There are 2 protein chains.
Amino acid sequence: MWVVTPLAQRKRQLVLDELTQAALGLLATKGFEAVTVDEIVAAAGVSRRTFFRYFASKEDVVVRFLGDLGSGMRAELAARPASEPPSVALRHAVATSVSACAAHDGRALRVVRLILGTPALLARFLERRAQWRDELAAELGRRLGLDPAAGPFPHLAAGVALAAFDTVLQRWSGSDGIADPVTLTGEVFEMIAPALDSLTS
Amino acid sequence: MWVVTPLAQRKRQLVLDELTQAALGLLATKGFEAVTVDEIVAAAGVSRRTFFRYFASKEDVVVRFLGDLGSGMRAELAARPASEPPSVALRHAVATSVSACAAHDGRALRVVRLILGTPALLARFLERRAQWRDELAAELGRRLGLDPAAGPFPHLAAGVALAAFDTVLQRWSGSDGIADPVTLTGEVFEMIAPALDSLTS
DNA sequence: AGCCAGATTGACACTCAGTGCCATCCACGG
DNA sequence: CCGTGGATGGCACTGAGTGTCAATCTGGCT
């Protein structure tokens, strides 16, 4: 199962890495709108057309780099025991997410700063973040036996948790990656916990 | 005051209205990406270049239509008495915002649905929403005598209030504009109030 | 009225993102 | 050895957004 597709798949991964590497390097130094796709593909040694076979847009290169955070949060939430109140489960989900981001130390920090400082990138990132919220709301609804379409709670709680995520990410990047993500997350969730548990209290 | 408004200013407003009208009509019926700027300017009777003198992008036409909500929220928050706890002041700010949106009854509803259903528009809207959060955080910091850069509270509270805004807007548009914005806002703020007042309790 | 300064507009040309299409090349199985 | 499918590159095209310049219009001033 795992040995049957070695060569073509690896080649594809190689091109993807090369493209990501080249793009992130150029974008971080020259700024987002000062870099054209042609420059990126020239640095990566592939054709312009190939770039758009791997990425849907120029923004996609940067956003995809942080893209796994969303599915990671949902997975972590799903993995938490059902006995935990929403505030605890969501706190762990957010904490592991930001920690995973901080683990890339160095690169991830530059990418986050790039996103927060570039309107076009922020917009695309927030669009993806909205999908995270809906996924979290669905998972939360499943945990609590609630229909997300019936009551406002799952949608709201997911939005509140992501607002906490925003604040943690902002303060983490603002501290040059020095602050501990788990500690920051704990601080912030202490404030919002009563709101997240307002249904089960 | 009202007589000095020069003729040029009114002409400008007229062009802007004509452009907005034409764009919203076409976009609502044919969908966002199925309409080109050339079609819009042809319907409005101005040149393509003029369109981009009034709007920064095609998305801008739609987003600007809802753009005053942000400054409205901040103004309402600033107008609330300083004695009110954050949860009450923010609830009024959100309620007046959504109510102002609902007052346009008919047009605003279609615009909101268009935004929520179009990725490119949603992205631009969320970008603006992020600015709202920072403005609300600044205003909140002023109310409470806190430096928004020092502690996470203003940023977090503004984010939580806007998460509530999101939920209210989603449910309002989901109910075809039938649900009462103030009632919805009240329901939702009942859940998050303890988080918003966690500092002053 | 006549004139001048500033703002608005339209037209053209240009860059760049993104897409469709087709020819080519290369890994893999028969 | 040969055919098939996927990945690539080149090309042309649409559409968004911008800079520039000439023409036009507005409003004030003499």
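Biologist: Over the ring of which residue does the charged end of B:Lys58 sit?
Modeller: This is a predicted model, in which local features need pLDDT of at least 70 and side-chain atom pairs count only at pLDDT 80 or more, while totals for chains, interfaces and linings use all residues. Residues are numbered from 1 along each chain as its sequence is written, chains are lettered from A and ligands numbered from 1 in the order in which they are written, and side-chain values use heavy atoms, with hydrogens and water left out. A charge sits over a ring if NZ of Lys or CZ of Arg is within 6 Å of the ring centre and within 35 degrees of the ring normal. The charged end of B:Lys58 lies 4.4 Å from the centre of the ring below it, which belongs to B:Phe32.

Biologist: And in chain A, how far is the charged end of A:Arg12 from the centre of the ring of A:Tyr54?
Modeller: Here an arginine supplies the charge, and A:Tyr54 supplies the ring. The charged end of A:Arg12 sits over that ring, and the distance to its centre is 4.5 Å.

Biologist: How many helices does chain A have?
Modeller: Helices (DSSP runs of H or I, at least four residues) and strands (E, at least two) are numbered from the N terminus. Chain A reads as α-α-α-α-α-α-α-α-α-α, and its C-alpha trace spans about 60 × 45 × 30 Å along the principal axes. With zero strands, the number of helices in chain A is 10.

Biologist: Which geometry does the aromatic pair of A:Phe125 and A:Trp132 have?
Modeller: Rings of Phe, Tyr and Trp (its six-membered ring) pair if their centres lie within 6.5 Å; planes under 30 degrees apart count as stacked, over 60 as edge-to-face and the rest as tilted. The structure holds eight such pairs over all chains. In this one the centres are 5.8 Å apart and the planes stand at 90°, so the pair is edge-to-face.

Biologist: How many residues apart are B:Trp132 and B:Phe165?
Modeller: These two rings form an edge-to-face pair, at 5.9 Å centre to centre and 80° between the planes. B:Trp132 belongs to helix 8 of chain B and B:Phe165 to helix 9, so the pair links distant parts of the chain. Their separation is 33 residues.

Biologist: What is the volume of the largest pocket?
Modeller: On a 1 Å grid over the protein atoms alone, a pocket is an open set of points where a 1.4 Å probe fits, with protein on both sides within 12 Å along at least five of seven lines; lining residues have an atom within 4 Å of a point. Grid points are joined across faces, edges and corners, and a volume is the space filled by probe spheres set on the points. For the largest pocket, that volume is about 620 Å³.

Biologist: Which helix gives the largest share of the lining of the largest pocket?
Modeller: The lining has 29 residues, with A:Leu126, A:Arg129, A:Ala130, B:Leu126 and B:Arg129 closest to the centre. Helix 8 (119-144) and helix 9 (153-174) of each of chains A and B supply at least two residues each. The largest share, 10 residues, comes from helix 8 of chain B.
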